[in-house]
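Here is a friendly walk through one protein chain, to be read with the picture beside you. Take a moment to look it over before reading on.

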Amino acid sequence: MGQGAMDLVAQAKAEVENLTPDQVAAELESGDALLVDLREPAEREAASIPGTVHVPRGMLEFAADPDLPAHKPELQREKRVILHCASGGRSALAAKTLKDMGYSNVAHLEGGINRWAQEGKPVDTA
């Protein structure tokens, strides 16, 4: 029997860097990190973290591959990339995927935008 989705998320979290909202805010303030929002467009309509680059989870591998037309130039293997979703599951899986693709300095926001907002960090609302 295969693994369930939450098993895969737990495994990914064990293999990637998990950051708190305070840690992400500090990295963003330093200007050295790119924050990528993996949520679907409809999710972003309700709220988003200012300054994020949007790459829906289903397009991440294509946006991260510099050899493909869908590549987002902001995504560079040598740069610090922090991923977030709503609660941290998709971003943990995505961080592991980027590591597998050769991104060496990748992390995710544990708890996603939900925790970010709960802890009083800035959020743009529609």
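Leaving aside neighbours within four places in sequence, A70 is in contact with M59, F62 and A63, where contact means heavy atoms within 4.5 Å. You will find A70 in the loop between helix 4 and strand 5. Helices (H or I, at least four residues) and strands (E, at least two) are DSSP runs, numbered from the N terminus. With a relative accessible area of 36%, A70 is partly exposed; buried means under 20% relative accessible area, exposed over 50%, and partly exposed in between (1.4 Å probe, protein chains only). The C-alpha atoms of A70 and L35, 35 residues apart along the chain, are separated by 18 Å.

A word on the ground rules: this is a predicted model, in which local features need pLDDT of at least 70 and side-chain atom pairs count only at pLDDT 80 or more, while totals for chains, interfaces and linings use all residues. Residues are numbered from 1 along each chain as its sequence is written, and side-chain values use heavy atoms, with hydrogens and water left out.

Now for the inside. A nonpolar core is a set of buried Ala, Val, Leu, Ile, Met, Phe, Trp, Tyr and Cys residues joined through side-chain atoms within 4.5 Å. The largest one has 17 residues, and V36, V55, L75, V81, L83 and L98 have the most contacts inside it.

What does L98 touch, not counting residues up to four places away in sequence? Its partners are L60, A64, V81, L83, Y103 and V106. A second, separate core of eleven residues includes A33, I82, L109 and I113.

Stepping back, the protein chain has six helices and seven strands, which run α-β-α-β-α-β-β-α-β-α-β-α-β from the N terminus on. Along its principal axes, the C-alpha trace spans about 40 × 35 × 30 Å. Of the 126 residues, 41% count as buried. Among contacts between residues at least 6 apart in sequence, 65% join residues at least 24 apart.
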